[in-house]
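I opened this notebook to keep track of what I looked up, one topic at a time.

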Amino acid sequence: MNLINSVEELADIIRKGGVIAYPTEAVWGLGCDPYNESAVRRILTLKDRPEYKGLILIAGAKDQLTPWLETLDTNASERLISQNEIPTSWVVPDTTITPNWVRGEHQSVAIRLSQHQPVQRLCAAYQGVIVSTSANPAGLDPAMSVEEVNAYFGDKVDAIFNAPLGGASQPSQVRDILTDTLFRA
């Protein structure tokens with residue numbers, strides 16, 4: 001188990017095509033560079049997740065969302081950067097910014113602006129969005145501790161961010177950015 005405290009070291013691992021486990025608002029997540037196809041495919045393999053389902057992206061600051069914000073009207077832009085009591089991943093129309101190996105079969109991508117400080121620090125060190133998918137193989141509960149991450153994946157992840165989970169009681173809700181339709185509570 002490669003526990004790392006340094007966000008700079010974790011960001012370097014991501015830049016080099018690595019896969020990390022990190023704490024999100026409610027559960028442990030797996031992350032990588034969304035523009036590195038082999039890293040994304042490693043996560044899909046680790047999770048036994050079909051590509052067509054797509055993956056969520058996470059940002060730590062609104063400036064990391066600029067490419068998507070530029071495609072949205074004012075109301076939708078305000079939703080994407082809003083601070084919500086419940087962590088919210090917004091489904092944003094996207095056919096040109098995010099690679100299809102992240103979007104899956106969709107003409108959109110789910111993106112969350114995290115209020116969780118470890119995620120904010122990680123994305124700041126990386127200087128961009130990263131993949132955010134729960135740290136669990138398909139059909140199993142998301143990891144809630146470093147020990148569970150290690151039990152699921154062992155040395156198949158390049159590093160585990162040694163930081164605490166946030167205080168949310170469940171993974172992010174997923175909503176449509178244009179209509180506010182709830183896809184996942």
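How do the residues of the lining of the second largest pocket divide into nonpolar, polar and charged? I found six nonpolar, eight polar and four charged, where Ala, Val, Leu, Ile, Met, Phe, Trp, Tyr, Cys and Pro count as nonpolar, Asp, Glu, Lys and Arg as charged, and the others, Gly among them, as polar.

Before going on, I noted that this is a predicted model, in which local features need pLDDT of at least 70 and side-chain atom pairs count only at pLDDT 80 or more, while totals for chains, interfaces and linings use all residues. Residues are numbered from 1 along each chain as its sequence is written, and side-chain values use heavy atoms, with hydrogens and water left out.

**Pockets**

I looked up the second largest pocket, which holds about 190 Å³ of space. Of the 18 residues that line this pocket, Glu25, Asn84, Ile86, Pro87 and Gln115 are the closest to its centre. Helix H4 (74-80), S5 and S6 each supply at least two residues of its lining. For the terms, a pocket is an open set of points on a 1 Å grid over the protein atoms alone, where a 1.4 Å probe fits and protein lies on both sides within 12 Å along at least five of seven lines, and lining residues have an atom within 4 Å of a point. Grid points are joined across faces, edges and corners, and the volume is the space filled by probe spheres set on them. Helices (H or I, at least four residues) and strands (E, at least two) are DSSP runs, numbered from the N terminus.

I then turned to the largest pocket, with about 670 Å³ of space. Its lining has 32 residues, and Arg49, Gly54, Ile56, Val174 and Arg184 are the closest to the centre. By class, I noted 14 nonpolar, 10 polar and eight charged residues in this lining. The largest share, four residues, comes from S6.

**Asp94**

I located Asp94 in the loop between strand S5 (88-93) and helix H5 (100-103).

In helix H1 (residues 7-15), I listed Val7, Leu10, Ala11, Ile13 and Ile14 as the buried residues. They cover an arc of only 155° around the axis, so they lie on the same side of H1; the arc is that of the directions from the helix axis to the C-beta atoms.

For H6, the buried residues are Pro118, Val119, Leu122, Cys123, Ala125 and Tyr126. Their arc of only 160° around the axis puts them on the same side of H6. I noted that they pack against H1, S2, strand S4 (56-59), S7 and S8.

How values were computed. Buried < 20%, exposed > 50% of the residue type's maximum accessible area, 1.4 Å probe, protein only. Contact = heavy atoms within 4.5 Å.
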